[in-house]
Amino acid sequence: MAEEMSYSAAIEEAGQVMCRFPLKHVDGVPLMNLIVDRWDEIAAFTPDPSDMLIATYPKAGTTWTQEIVDLIIHEGDAEACRRAPTFVRMPFMEIVSPRPIPSGLDLLNTMDPPRVIKTHLPFKLVPKGFWENKCKVIYVARNAKDNLVSYYHFDRMNKTQPEPGPWEGYIQKFIRGELAWGSWYDHVKGFWVERERRNILYLFYEDMKENPRREVVRIMEYMGRALPDDVIDRIVELTSFQVMKENPMTNYTTLPKSVLDQSVSRFMRKGEVGNWASHFSPSQSREFDEDYEHQMGGAGIPFRTQL
Ligand code: PPS
């Protein structure tokens with residue numbers, strides 16, 4: 001809790017300089033300028049072999065997976081997992097905010113391994129140390145249309161990311177890979193082709209929705225853990241959308257309005273598969289699908305846009 005207080009105080013102090021930060025590029029990938037300005041330090045980060053990485057394109061199910069992993073580590077102990085907000089318990093490696101807010105690396109440096117680390121970096125930008133040290137890596141992918149819709153609403157309420165602008169233009173920016181952290185298409189393909197060679201557990205948001213218990217067990221087994229059935233059941237319950245939506249340690253309500261304005265859109269917004277259908281017009285959907293075929297044809301990644 002002490003960390004949470006100091007984090008909030010730091011955000012208040014940084015409030016004056018908080019803004020929608022422009023994007024700059026690293027190896028063709030658009031990232032917040034503050035990240036790019038400290039890129040050498042981020043690329044040089046060396047994890048411990050016991051550290052675990054949760055990698056995603058933004059809005060693919062990161063927070064959900066982080067909560068499952070933390071509960072597995074703590075054997076279903078809900079109180080232990082309420083010790084601090086998600087972003088303090090499992091730092092966002094590359095994030096850099098105005099001082100005095102601690103960066104992801106600052107937070108990581110205060111923690112002893114084994115740590116659970118979040119990243120949105122595409123495969124080619126993940127610090128090499130993760131592969132050299134054979135860290136466990138969980139990748140979560142979400143179908144493009146729902147991922148895009150979720151990102152659109154997030155960019156409306158996240159006051160540190162570029163303005164999303166009108167919906168139609170946002171679709172085009174997504175297609176062209178111009179949003180923060182770059183191309184969704186390159187992201188999901190980058191980890192997919194490396195999953196076997198690098199021992200990456202590649203999960204789908206849609207599978208987690210369809211059968212959360214099955215996916216919790218997959219994560220648990222990948223982590224080399226074995227928990228009794230009743231504990232697994234409890235983890236599934238504690239990581240349901242409704243429970244996480246009400247939990248201040250997972251719903252991002254500990255961040256002030258100057259960072260995430262939840263009166264515009266909730267962080268825990270819908271949590272559904274197929275919500276894209278109430279956003280895309282028939283012609284937008286058709287054009288998106290045509291381009292999708294062009295960018296993803298032959299990739300062989302079994303995405304589902306409805307259950
Ligand atoms: S972030 O900011 O990139 O870390 O966001 P991320 O956590 O990856 O994605 C947020 C979306 O995931 C939904 N979510 C969940 N869905 C189902 N069940 C659970 N438990 C859950 N937790 C988070 C969240 O609602 C966002 O999706 P949308 O579609 O916007 O609701």
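1. Two strands count as paired if DSSP finds at least two bridges between them. Keep that in mind for the sheet. The model is predicted.

2. Start with β5 and β6. Strand β5 covers residues 136-141, and five bridges join it to β6. The two strands run parallel. Within this pair, I138 stands opposite L201 of β6.

3. Two helices pack on the sheet. Helix α4 (residues 62-73) touches β3 (52-56), β4 and β5. The direction of α4 makes about 160° with that of β3. Helix α12 (residues 212-222) packs on the sheet through β5 and β6. The direction of α12 makes about 170° with that of β6.

4. Now the whole sheet. It is open, has four strands, and pairs them in parallel in the order β4-β3-β5-β6. Strands β4 (116-119) and β6 (200-204) are the edges, and each pairs on one side only. On average, neighbouring strands are turned by 20° against each other, direction ignored.

5. Next, the nonpolar core. The largest one has 105 residues. L31, W184, Y202, F288 and F303 have the most contacts inside it. Helix α8 (residues 144-157) supplies the largest share of this core, seven residues. In soluble globular proteins, nonpolar side chains tend to be buried together.

6. Which residues does L31 contact, leaving aside its neighbours within four places in sequence? The contacts of L31 are P22, L23, K24, V26, V36, W39, L121, L125 and W181.

Terms used. Residues are numbered from 1 along each chain as its sequence is written. This is a predicted model: local features need pLDDT of at least 70, side-chain atom pairs count only at pLDDT 80 or more; totals for chains, interfaces and linings use all residues. Side-chain values use heavy atoms; hydrogens and water are left out. A nonpolar core is a set of buried Ala, Val, Leu, Ile, Met, Phe, Trp, Tyr and Cys residues joined through side-chain atoms within 4.5 Å. Buried means under 20% relative accessible area, exposed over 50%, partly exposed in between (1.4 Å probe, protein chains only). Contact means heavy atoms within 4.5 Å. Axes are lines fitted to C-alpha atoms, for helices over the stretch in contact, and angles run from 0 to 180 degrees between N-to-C directions.
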